[in-house]
Amino acid sequence: MRIKHLLVLVVSLIAFYNLKANNLQISNMYLRGQNDAEGYKMIKMDVSWDNSWRTSTYESNYDAVWIFAKYRLLWQEGVWYHATINVTGSSVPAGASVDVPSDGKGAFIYRNADGSGSVNFADLQLRWNYAVDGLNNTDSVEICVYGIEMVYVPQGSFYVGDGSGSSSGQFIRGTTTNTPFQVTSEGAITINNTINSELWGTSTSGANQIGASGSLPDAYPKGYNAFYVMKYAIAQGQYRDFLNKLTRTQQSNRALGITGTGNFYNNNTSPVNRNGIRLASDLGSTYPRVYDCDLNNNGVGNELDDGEHIECNWLSYYDLQAYCDWSGLRPMTELEFEKACRGTLSPFPDEKAWGNTNISVATGIMNSGLGSEAPTNPTTTNVAFGNSSGVQGPLRVGCFAGATTTREQAGATYYGIMEMSGNCWEWVVDVARAASRSYTGLHGDGVLSTVGDYNQTNWPNRGGLRGGAWSSTASNLLNVSDRTSVVGDYYNQRYNTAAGRCVRTAQ
């Protein structure tokens, strides 16, 4: 559809990669109501998903969808920009609340009252300030809207450390041996072992160290304040779509080492450890490459069984940070990791993300690559773990959850977040390194450097890993409080067991 004003070509509806998790769909999208004098236009859409909730008791939280948009000028091949949404002026559907953060990098939509089940928010309209983004009233553009399922983690005190003897390097109180430490505010925390009001760890050296004595400043995100976290780790379909919105130079550093047409991770000719992201075509010169998912390796990309719903492994810490920055989110700290898992409950020794020590391991995969992919023993399974010969890679995000599953059966955290134990290790900002302690939680601005790296101030250039993976065989690695791989030289390497998710501080 070509007009003399803003050209509307919605060619990518990012929501389908979680289709069988909670059926997130963004549909009926177009631009309307252009205001030439003030330089804005409304982005209209319908947003729906299943298994939504909001509760004011117990967890006192809700799920939400983070919506953001990218656009490009039609004459500018391969260069996509982040759309700025006005803080006010949205048209909000009945039954919904919409929050646009002050930086305008996107919007959260969620239930405005307690309830559970499917939601269908029709005719959501977000005000796009295209003049703020440097566009003229008659520019022709292509625009894409993206949605990511998130979970709201409310403000409140919580514990880090579980008091067990098997959670390697776990956090403890000051001079104690295994007493968990309580985070009671976002105020500065002293890291030392001279008095019990200080944060310390059971390891002072090696891969799970607490680091040198010092402090976590006020600005370091400690998990006390409310924040949103991705309901699922980044899926392969999400990462594919991210790659397809980068310039050719940016793709070179973010594309999992893929440079040959038809190849997969590190130029293998078939998927490696269930990662089906492939370089589908390359026009050469300065044109961006095109990526798809082809888990079944039949040369036809993005089929129903091509694995776009599978958690995206082989991600480096730099890859995760770039995705966070591009989507207007930020990396999660390891304190926030424990809050997202445990919530406000007292620690349980050796607890996994689902709140106890019960482990039911997936030993095989059925409906491989489909949106209905599940372990072969779905009614008795809650984690991809143990290096089973039948599961040599991550599974579909949300694959353990069903309409009637309990928290334990779904492998869900206190707040309803999925797969934070097992499936893949998750990149986090640690507390051990001096550079990590200067992290202020600044959100991504939707823009990457010319070479595809994050460009946000005080984002540390190294991170750690938490939560264990499909290949882990030691059960303590699944522990919420285990810090076996928090510090090491992992940050710029890609592993078949490493993935991640993003967060955003609530306003």
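1. A residue is called buried here when its relative accessible area is under 20%, exposed when over 50%, and partly exposed in between, using a 1.4 Å probe and protein chains only. By that rule, buried residues make up 60% of the 507 residues in the protein.

2. This is a predicted model, in which local features need pLDDT of at least 70 and side-chain atom pairs count only at pLDDT 80 or more, while totals for chains, interfaces and linings use all residues. Residues are numbered from 1 along each chain as its sequence is written, and side-chain values use heavy atoms, with hydrogens and water left out.

3. The protein has seven helices and 24 strands, these being DSSP runs (H or I, at least four residues, for helices; E, at least two, for strands) numbered from the N terminus. Along its principal axes, the C-alpha trace spans about 70 × 50 × 45 Å.

4. Helix H4, residues 317–326, is mostly covered, with nine of its 10 residues buried; among them are Asp 319, Asp 325, Tyr 323 and Trp 326. The cover over the buried residues of H4 includes strands S4 (63–73), S9 (141–153) and S21 (425–428), as well as helices H2 (236–243) and H3 (248–254), where contact means heavy atoms within 4.5 Å.

5. At the start of H4, a side-chain oxygen of Ser 316 comes to within 3.3 Å of the backbone nitrogen of Tyr 318. Just after H4, Gly 328 adopts a positive phi of about 80 degrees.

Methods
Polar contact = N/O pair within 3.5 Å; in protein donor to acceptor, adjacent residues only side chain to side chain.
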